[in-house]
Amino acid sequence: MSTEAVKWAMDDAPMLRTEKGKPDTTARHVLQALAEHAHKDGSGAHPSLLKLQYRTGYDRRTVQRAERRLEAAGLISADGSVHGCIRWRLHLNVQRPASDWAELVAEEEAERAAAAERQRRSRAKRVTHSDDVTVTDAECVTKPDVTHSEYARHVSEARDVTHSASGRHALNATRTINEPPQEPPGTDGAEVGDHSDPPWAALPLAPIDHDGFTLTDGMRRWALSTFGPGLDLEYETAQFLDHFRANGQHRTNWPAEWQKWVRRSAKYASQGRSRRPAAEDGVVPFPSGRRSTTDDRVAQALAIAAELRALEEGNPA
């Protein structure tokens with residue numbers, strides 16, 4: 001085996017091309033197998049077809065067709081025969097053009113640039129721009145009897161208490177607190193919350209983030225006109241995003257899926273209110289009709305409060 005012939009077959013010999021312009025890797029492999037049996041000057045390569053088949057893994061006709069293509073390209077030529085095997089001469093003077101290497105380098109640089117552009121676009125989808133943030137007038141979305149704290153933030157908490165004015169149990173009674181606000185992490189992708197990156201920013205994007213779901217002004221107006229200010233739109237949107245980020249599902253129309261989510265949430269909330277039984281003293285009993293000790297204490301407190309209000313108004317009961 002000649003090192004010079006093998007190096008020429010692997011690196012310096014011209015690369016043949018198929019009819020579609022792709023590298024002819026079959027002919028290249030056969031050429032390298034012939035070079036392993038050639039002398040230093042490229043002569044004397046006469047391996048049998050069986051050896052070439054064993055070396056390359058190709059069938060007999062594939063090897064013969066590759067030899068004909070190499071001969072037609074001027075890389076090898078027949079030089080007699082030895083024991084019934086064709087003796088080939090490899091033309092080591094035929095060199096590969098330098099443009100082949102330059103083309104590969106250009107393709108590699110173009111692929112890197114394309115990958116960097118895809119990464120830049122992916123990061124841009126996760127950024128919420130200030131021009132896209134909607135400022136909503138509080139008077140348009142807040143009920144008149146709701147009190148705002150000094151931080152101008154409406155806070156709702158789920159509490160198992162009884163509303164004293166309406167005389168009914170308010171499971172989700174609204175109250176105002178004056179403690180310093182603790183802002184939740186921003187909701188990425190729906191343009192609500194702050195501009196900080198969420199904890200999952202380093203993870204692969206879910207389909208809803210990759211598609212670029214955005215909560216628009218039109219969607220806000222639709223929710224307000226359809227369900228009124230009682231719907232916590234920010235909470236429902238955050239739940240919607242978390243749900244589809246968790247299961248990784250894809251939807252062809254994310255705004256329509258978001259509308260369906262909001263309708264379903266409003267329906268469940270309405271059904272919960274309609275099923276809630278009323279009580280004369282403002283306390284809701286258990287489904288079995290049994291009342292707890294806490295319920296009795298709340299009822300007594302409400303009765304005392306009613307007597308005090310009657311005394312203040314000058315109308316003792």
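Student: Which residues does Met10 touch, not counting residues up to four places away in sequence?

Tutor: Keep in mind that this is a predicted model: local features need pLDDT of at least 70, side-chain atom pairs count only at pLDDT 80 or more, and totals for chains, interfaces and linings use all residues. Residues are numbered from 1 along each chain as its sequence is written, and side-chain values use heavy atoms, with hydrogens and water left out. Contact here means heavy atoms within 4.5 Å. With residues up to four places away set aside, Met10 touches Arg28 and Gln32.

Student: Is Met10 buried, partly exposed or exposed?

Tutor: First, find Met10 in helix α1; helices (H or I, at least four residues) and strands (E, at least two) are DSSP runs, numbered from the N terminus. Buried means under 20% relative accessible area, exposed means over 50%, and partly exposed is in between (1.4 Å probe, protein chains only). Met10 has a relative accessible area of 46%, so Met10 is partly exposed.

Student: How far apart are the C-alpha atoms of Met10 and Leu31?

Tutor: Along the chain, Met10 and Leu31 are 21 residues apart.

Student: How is α1 oriented relative to α2?

Tutor: Two packed helices are described by the angle between their axes and the distance between the axes. Axes are lines fitted to C-alpha atoms, for helices over the stretch in contact, and angles run from 0 to 180 degrees between N-to-C directions. Helix α1 (residues 3-12) and α2 pack at about 165°, with their axes 8 Å apart. Angles under 35 degrees count as roughly parallel, over 145 as roughly antiparallel, 65 to 115 as roughly perpendicular and the rest as oblique, so α1 and α2 are roughly antiparallel.

Student: How do the residues of the contact of α1 with α2 divide?

Tutor: Ala5, Val6, Trp8, Ala9, Met10, Asp11 and Asp12 in α1 meet Arg28, Leu31, Gln32 and Ala35 in α2. Ala, Val, Leu, Ile, Met, Phe, Trp, Tyr, Cys and Pro count as nonpolar, Asp, Glu, Lys and Arg as charged, and the others, Gly among them, as polar. Sort the residues that way and you get seven nonpolar, one polar and three charged.

Student: Is Ala35 buried or exposed?

Tutor: Ala35 is found in helix α2 (residues 25-35). Leaving out residues up to four places away in sequence, Ala35 touches Ser2, Ala5, Val6, Ala9 and Leu90. The relative accessible area of Ala35 is 0%, so it counts as buried.

Student: And are α2 and α3 parallel, antiparallel, perpendicular or oblique?

Tutor: α2 and helix α3 (residues 49-56) pack at an angle of about 120°, and their axes are 10 Å apart. In this contact, His29, Val30, Ala33 and Leu34 in α2 meet Leu52, Arg55 and Thr56 in α3. Those residues come to four nonpolar, two polar and one charged. From the angle, α2 and α3 are therefore oblique.

Student: Which hand does the crossing of α2 and α3 have?

Tutor: A crossing is left-handed if the near helix is turned anticlockwise from the far one by less than a right angle, and right-handed if clockwise. Where α1 passes α2, the crossing is left-handed. Where α2 passes α3, the crossing is right-handed.

Student: What about α3 and α4, how are they oriented?

Tutor: α3 and helix α4 (residues 60-72) pack at an angle of about 100°, with axes 9 Å apart. So α3 and α4 are roughly perpendicular.

Student: Where is His83, and what is its phi?

Tutor: Most residues other than glycine have a negative phi. His83 sits in the loop between β1 (76-82) and β2 (85-90), and with 81% relative accessibility it counts as exposed. His83 isn't glycine, yet its phi is positive, near 55°.

Student: Which residues are in contact with Phe227, leaving aside its neighbours within four places in sequence?

Tutor: Phe227 is found in helix α8 (residues 217-227) and counts as partly exposed, at 27% relative accessibility. Its C-alpha atom is separated by 7.4 Å from that of Ala266, 39 residues apart along the chain. Neighbours within four places aside, Phe227 is in contact with Trp222, Val262, Arg263 and Ala266.

Student: Last one: how much of the protein is buried?

Tutor: The secondary structure comes to eleven helices and four strands. The protein has 317 residues. The share of them that counts as buried is 29%.
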